[in-house]
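Hi,

Here is the structure I said I would pass on.

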Amino acid sequence: MSTGTPIAEPAGLAAPAGTPALIQEPGTLAAFWRRLRARKSAVAGLVIVGLLILMAVSAPWIAPYDPTATDWANVRGHPSLAHPFGGDEVGRDVLSRIIFGARASLGAGLVSVALAVSLGLPLGLLAGYAGGWIDGVISRLTDALLAIPFLILAIALAAFLGPSLVNAMIAIGLSATSTFIRLTRAQVRAVAAEEFVEAARAMGNPPWRIARVHILPNIVPAILVQATLTIAAAIIAEASLSFLGLGQQPPEPSWGAMLNTAKNFMDQAPWMAIWPGLSIFLAVLAFNLFGDGLRDALDPRQRT
Amino acid sequence: MLRFLARRLALAVPTLILASMIIFALQQLLPGDVATALTGEERDPQVIAFIRQKYHLDAPLPVRYAYWAGGVLRGDLGESIRLQKPVSELIVEKLPVTLELACLAMLVALAIGVPMGVLSAVKRGQAADTIANGVALWGLSVPNFWLGILLILLFSVQLGWLPASGYVSPFESLSDNLAAMVMPAFVLGNAIAAVMMRHTRAAMLGVLGSDYVRTARAKGVSPMRVTLRHALPNAAIPIITLGALEFGQLLSGAVLTEQVFSVPGFGKLMVDAVFNRDFATVQGVVICTAATYIALNLAADLLSAAVNPKLRRA
Amino acid sequence: MKKPLLDVRDLAVAFDTDGGAVHAVNGVSYTLHEGETLGIVGESGSGKSVHVLAMLGLIPRPPGRITGGQVLFEGRDLLALKERDLRKIRGGAIGFVFQDPMSSLNPGMTVAAQIVEPLRIHLGLDARAARARAKDLLDLVRIPNAGARLDQYPHEFSGGQRQRVMIAIGLSCRPKLLIADEATTALDVTVQAEIVALVQELKRELGMAIIWITHDLGVVAGISDTVQVMYAGRILERGPVDDIFSDPRNAYTLGLLRSLPDLSGGRAGRRRLHQIEGAPPDMRHPPPGDPFAPRNAFATPRCRAEMPPLVQAPGAAPGHLVAAWYDLPKLLAAEAAR
C-alpha cells in the first residue's frame with residue numbers, strides 16, 4: 001500500500017491526474033536484486049537452498065560413512081560422537097543417510113518441476129495464444145487433471161508406473177503440469193491483451209515472434225515464482241511417496257523412506273524419526289521462503 | 001440463480017468425463033500385459049482369462065473405456081481382486097471414516113486459520129501479523145506424516161494420553177472415536193489451516209482497504225464491529241471458494257495421515273490397494289475423489305452465490 | 001462573525017513507501033466557522049482529501065503518519081484524542097459523504113442496517129426508534145417510498161439514490177460539520193446538480209457547516225461561502241468565493257479558472273480551454289520553493305527557492321489570502337497591454 005490519496009478521481013483537471021511519484025516503476029534486474037536482498041527471509045531461504053544443494057553435490061566427500069553400510073554395533077545406536085545422529089534399524093549411520101538423502105529430495109524436487117514446466121509452459125502458451133478449440137481442449141484437460149488432487153494423482157501414477165525414484169519424479173512432474181498450463185495460459189491472456197502486444201500484432205509480426213519476444217519475457221516472473229513454490233510441494237510429494245514405499249527403494253537413502261522405517265521404532269529410537277523429518281521441513285521451508293520473497297520482489301504491487 | 005447453477009453444471013460434467021478418461025488410461029501405463037498385471041500375484045491362467053473377458057481386454061481402448069464408464073455410471077467400479085469384493089462396496093464402507101476425518105480436519109483448519117488470518121490482517125505489519133505468518137509458513141512446510149509421527153511420539157509413546165492408532169466407530173463409542181481422531185484431525189488440519197490463514201488474510205486486507213469499511217469507520221463504528229460485521233462477511237466469499245479448493249489437499253493429506261495413524265479410511269484403502277496391485281480399487285478411489293472434488297467446488301460456488309446478495313436476488 | 005468550529009494549525013501528513021516518505025500534506029492552516037461552507041479545490045495528490053481524512057484518523061496507519069500540527073474541533077485537539085474518543089466524534093458531530101456511492105456502501109448489508117448504525121452508536125437509540133428515524137432520514141433525502149426500501153441492498157438503488165443514502169448516513173446524527181469528499185464526482189452531470197441542490201436545501205434546514213472537497217471549481221462556485229485552493233499538500237490561495245473567482249491572485253487558481261468551460265455563453269464561451277502544462281511534483285522530494293513554480297510561466301527565481309507565506313492579498317477583499325511572491329494582477333495587466 002503506497003497510495004497518497006486513498007481516492008481515485010477522474011482527470012477533471014488539465015494536468016495529468018494520479019500521483020506518478022507514488023507509483024513504483026517496474027523493476028530492472030538491479031532493482032529486483034535490491035528488493036530481494038531487502039527481504040531477510042528470502043535471503044535466508046536462498047542460503048539454505050544453496051547449502052542443501054552443496055550438501056547433496058558433495059555428499060560422497062562429506063558423509064562420514066557409506067550410507068548403505070550396515071554396522072551391527074550401531075543398530076538403533078544412540079547418537080554419539082562417532083554417529084552424531086545415531087544409527088538406524090540395521091546400524092547404518094543416520095547422518096550419512098541424511099546427507100545422501102538430500103540427493104533424492106532435491107533431485108526429485110528439481111527434476112519433477114523441470115518436467116512440469118517443460119510440459120506445462122508450451123501447452124499453456126499454445127492454449128493462451130491460439131485460443132479457439134485448441135484452448136478449449138487444453139483447458140478442459142487441465143480442469144480434469146486439476147480435479148484429481150495432486151498427491152492422489154501422483155500416488156496413482158506411481159502405482160501404475162511401478163515404485164522407483166525415477167517413476168516418482170515422473171509421477172510428481174505429470175501431476176504438477178496442470179498448474180503450469182493454467183498459470184501460463186492465464187498469464188499469456190493477460191499479457192496478450194496489453195497494448196504493446198496489440199501494437200506488435202498490428203505491425204505484422206508473426207505470432208511465434210510475438211510469443212517469443214513480447215509474451216514469454218513478461219510471463220517468466222510468474223512462472224519462476226510458481227516453480228519455486230512447486231519445488232517445495234514436490235519435495236513433500238517425493239517424501240510422501242517414499243514414505244509410502246512408492247519412491248526411493250531401500251537400501252538407497254531418502255528422507256521419506258527413512259521416516260517410514262522410523263515409524264516402527266519410535267519408542268526405541270526416536271532420533272530415526274527426528275532428523276529426516278527435520279531435513280524435509282528445512283528444505284521445504286527454504287523453498288517456500290525463497291518463493292514468497294521472489295514473488296514479493298518481482299511484483300511490489302501484489303505484496304501480501 | 002438457476003441459470004448460474006445450470007452453467008456450472010454444464011462445466012462440471014465434461015470435466016468429470018475427461019477425468020474418468022485419464023483415470024481409465026492409467027491402466028495403459030502398466031508394464032506388460034494388462035490382464036497379467038491386473039491379476040497381481042495370481043498366476044492362474046483361468047483367472048487371467050476371466051479378467052481378460054470381464055474387462056473386455058481384447059477390445060480396442062475406446063470400447064473398453066465405454067464398458068468401464070458404463071459400469072461406473074451404474075455404480076459398478078469393478079471387483080477388488082484381492083478382497084474378492086466389489087470396489088464400490090469397499091468405498092462405501094471406508095468413505096464415512098475419511099469423511100469424518102476430513103470434516104474434523106476442516107473444522108480444525110477453520111478454527112485456527114480464519115481467526116489467525118483476521119488477526120494478522122487487522123494487525124498488519126505488527127508483531128501479531130509476523131507471528132501468524134510464521135505459524136502459517138510452519139504449517140505449509142512441515143510434512144504432515146512427520147508431524148503425525150512426532151505427535152504419536154509425544155502424546156502416545158511419552159505421555160500415553162492418546163492412542164497411536166485403533167479406529168473406533170463413533171456409533172460404538174463416541175469418546176473412543178474422538179480420542180483416536182483428535183491427532184489425525186489436527187495433523188491433517190494443520191496444513192490447511194495455514195492455507196486458510198493466508199486466504200483469510202488476503203481477503204480481509206482487500207476488504208479492510210475498501211471504501212465501505214472507511215464509511216463504517218467514518219460512522220464511528222468500533223474496530224471490532226468493523227472487522228466482524230462489515231469486513232468478514234464480505235471476505236467470506238473468497239474464503240469459501242478458495243477453501244473448497246483445499247479439499248483436494250485435504251484428501252491428498254488424508255492418504256498419508258490415515259497411513260500414519262492406521263485409520264481405516266479411503267486413503268488407507270488406496271495405499272493398501274497400491275501395494276496389493278489391486279488396480280481396480282485404485283481407479284475406483286481416484287474417480288470417487290475427483291467426483292467429490294468437483295461436487296464440492298460446485299457446492300462452494302452455490303454457497304458463495306447464496307452469501308452474495310447480488311446473486312441471491314438476481 | 002460566527003464562532004470558529006474547526007481550527008486547523010500546521011497540519012502535516014506523510015506516507016511511508018519503499019521509495020521514502022511521501023509528504024502528502026505540508027503545513028495546512030485554516031479556520032472554519034459554524035454554518036460556513038468551505039469548498040476545497042485541488043487535483044489528485046493535492047492533499048485536499050488526505051488532510052481531512054487524517055485529522056479524523058481515517059487514513060491507513062501505517063503507511064500514513066501525522067507528522068505535525070493541531071486540529072481543534074470545538075476547542076478540542078482531534079490529533080491528541082484517543083481513538084475511542086475520536087470515534088464518538090466521527091459520524092456524530094462530524095458526518096461524512098464519500099465519493100463513490102457504489103463502493104462506499106457495504107454491498108452485504110441492507111440500507112437500513114447501514115443508516116441505523118450511527119444512530120445506535122451516537123444517539124443510543126433502540127432498534128425500533130433507530131429504524132423509524134432511518135425511514136425519516138430517507139424521506140429527508142427525498143427517496144420515494146422510503147419505508148419499503150429500507151430492507152433493500154445498495155445494488156438495488158440507482159447511483160444518485162445511493163448518494164442520497166450516503167447523505168442520509170452523513171446527516172443521521174445532526175452533525176455540526178458535514179464533510180463531503182468528492183461527493184458528486186462519480187455521478188452523472190444531471191444527478192450531480194440534484195445532489196448539490198439537495199445539500200443546499202438540507203443546509204438551510206439543518207444549518208451545519210460543510211467542507212466540500214472537489215476538483216471541480218464549478219460545483220464550488222454554486223455551494224461555497226469560502227474557497228480554498230490546494231496544491232502539493234499546501235494552501236495556495238483562499239478567500240470569499242466571489243473574490244476568488246473575480247480576482248484570483250495565484251497563478252494556479254488562474255489556471256484552474258481558465259480550464260473551466262464558461263457556460264454563460266457569448267464570445268467567452270467559445271474560447272479555447274486552457275491547459276496547465278507539466279505534472280505535479282514528486283512528493284517524496286518536494287521542491288524547496290513554491291511547489292507550482294516549475295509549471296508556472298510567471299514564476300520568479302525566488303519562487304523556486306523559497307516557499308511564499310499565505311498572507312492577505314494586497315488590495316483584495318479581507319480574508320482573501322494568497323501564497324505567491326509575484327503580483328498576479330500586475331503581471332496580467334502587463335500581458336494584456338502587450
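This is a predicted model: local features need pLDDT of at least 70, side-chain atom pairs count only at pLDDT 80 or more; totals for chains, interfaces and linings use all residues.

Residues are numbered from 1 along each chain as its sequence is written, and chains are lettered from A and ligands numbered from 1 in the order in which they are written. Helices (H or I, at least four residues) and strands (E, at least two) are DSSP runs, numbered from the N terminus.

First, the sheet. Chain C has an open sheet of eight strands with mixed pairing, in the order 6-7-8-3-9-10-12-11; two strands pair if DSSP finds at least two bridges between them. Strand 6 (94–97) and strand 11 (311–312) of chain C are the edges, each pairing on one side only.

Five bridges link it to strand 7 of chain C, running parallel, with C:Asp181 partnered by C:Ile213. Strand 3 (residues 37–41) of chain C also pairs with strand 8 in the parallel sense, over five bridges, and there C:Gly39 has C:Trp212 as its bridge partner.

Is strand 8 of chain C buried or exposed? Six of its six residues are buried, where buried means 20 or more other C-beta atoms within 10 Å of a residue's own, with C-beta atoms placed from the backbone. In a regular strand the side chains alternate between the two faces of the sheet. Here C:Ala209, C:Ile211 and C:Ile213 are buried on one side, and C:Ile210, C:Trp212 and C:Thr214 on the other.

Further along, strand 10 (residues 234–240) and strand 12 (residues 321–322) of chain C run antiparallel, joined by two bridges. One of the pairs is C:Glu237 with C:Val322.

Now the helices. In chain A, the axes of helix 2 (residues 40–57) and helix 4 (residues 94–130) come within 7 Å and cross at roughly 110 degrees. Axes are lines fitted to C-alpha atoms, for helices over the stretch in contact, and angles run from 0 to 180 degrees between N-to-C directions. Helix 2 and helix 4 of chain A are therefore roughly perpendicular (65 to 115 degrees). Helix 2 contributes A:Leu52, A:Ile53, A:Met55 and A:Ala56 to the contact, and helix 4 contributes A:Ile99, A:Ala102, A:Arg103 and A:Leu106 (contact means C-beta atoms, placed from the backbone, within 7 Å).

Cheers

Definitions and conventions:
Angles under 35 degrees count as roughly parallel, over 145 as roughly antiparallel, 65 to 115 as roughly perpendicular and the rest as oblique. Two residues are in contact if their C-beta atoms, placed from the backbone, lie within 7 Å. A residue is buried if 20 or more other C-beta atoms lie within 10 Å of its own, exposed if 12 or fewer, and partly exposed in between; C-beta atoms are placed from the backbone.
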